[in-house]
Amino acid sequence: MHEFRHCTDAADLAGAAAAHLAARIRNCLDGREVCRIALPGGRTPGRCLALLAGDSLPWERLHWYLGDERCYPPGHAGRNDVMLEAELWSRIDTPAANRHPIPAELGPEAAAGRYSSEIVAAGQLDIVLLGMGEDGHTASLFPGNPALDDSRPVVPVHRAPKPPAERVSLGLSTLQAATERIVLVSGADKRVALQRVQAGEALPIARIGPLLWFVDDDAAGRS
Ligand code: 6PG
């Protein structure tokens, strides 16, 4: 069900995950024209994505989607696509047409409707890179929130406990349908959520199916 790769610290995790992502992207492109990858927000993925940007991949054959976006205006420092631009897209030669940001500035419902069309047109995502919150949320699917059980491909999120309250997220069905799912978990603040997943609790991250976990010692309680 789950596979765990243990890393010593955040730097080790970023390097191991970047190397794995590059290898899986190359594998995806072996015999396929395009590889479609969904990326997370938050603090964890930046270092990994900056390392990935240093690899020599056929960037023009990679399409980038977002696992979720916060309903802030374009360019707002809290937006996930602003982080992705800084850590990855600004460092690689990727055509604008290959970057598929979520128009979260339209508000949850309108943005989810627009992005649903993009995700349906994209078809099955090849790789989904995810984070996990301290409560076991992933993307913007939070425990007990109605968005978690919304069957649409992209879902509006209201009353998220992690600010901002209004977000847009890939739906559970889209995450479950992805060919590969990788989650990055770093830091002692994730320890309890990881223990709850390993104890079999159906937290949102655990509901998306088999995962490859990159976990550092702090998160695993080995430090
Ligand atoms: C977001 C993220 C979210 C994130 C987790 C972990 O918009 O906040 O997409 O799902 O991955 O909250 O965040 P950290 O990596 O900052 O711990």
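## Briefing: the ligand site and the cysteines

A backbone N or O atom of arginine 43 lies 2.6 Å from an oxygen atom of the ligand. Bear in mind as you look around that this is a predicted model. Elsewhere, the structure holds zero disulfides.

**Who surrounds the ligand**

- There are 16 residues around the ligand, and those that come nearest are Arg43, Thr44, His137, Ala139 and Lys190.
- Sorted by class, the shell around the ligand is made up of eight polar, six charged and two nonpolar residues.

- Threonine 44 brings a polar side-chain atom to 2.6 Å from an oxygen atom of the ligand.
- Lysine 190 likewise has a polar side-chain atom 2.6 Å from an oxygen atom of the ligand.
- In arginine 43, by contrast, the atom at 2.6 Å from a ligand oxygen is a backbone N or O.

**Cysteines without a disulfide**

- If you are checking for disulfides, the count here is zero.
- For cysteine 35, the closest cysteine sulfur belongs to cysteine 28, at 3.0 Å.
- A disulfide needs the two sulfur atoms within 2.5 Å, so the 3.0 Å between cysteine 35 and cysteine 28 is too far for a bond.
- Cysteine 35 is also buried, and its relative accessible area is 0%.

Conventions: Residues numbered from 1 in each chain as written. Predicted model: local features only at pLDDT ≥ 70, side-chain atom pairs only at ≥ 80, totals over all residues. Heavy atoms only, no water. Near = heavy atom within 4 Å. Polar contact = N/O pair within 3.5 Å; in protein donor to acceptor, adjacent residues only side chain to side chain. Nonpolar A, V, L, I, M, F, W, Y, C, P; charged D, E, K, R; others polar. Buried < 20%, exposed > 50% of the residue type's maximum accessible area, 1.4 Å probe, protein only.
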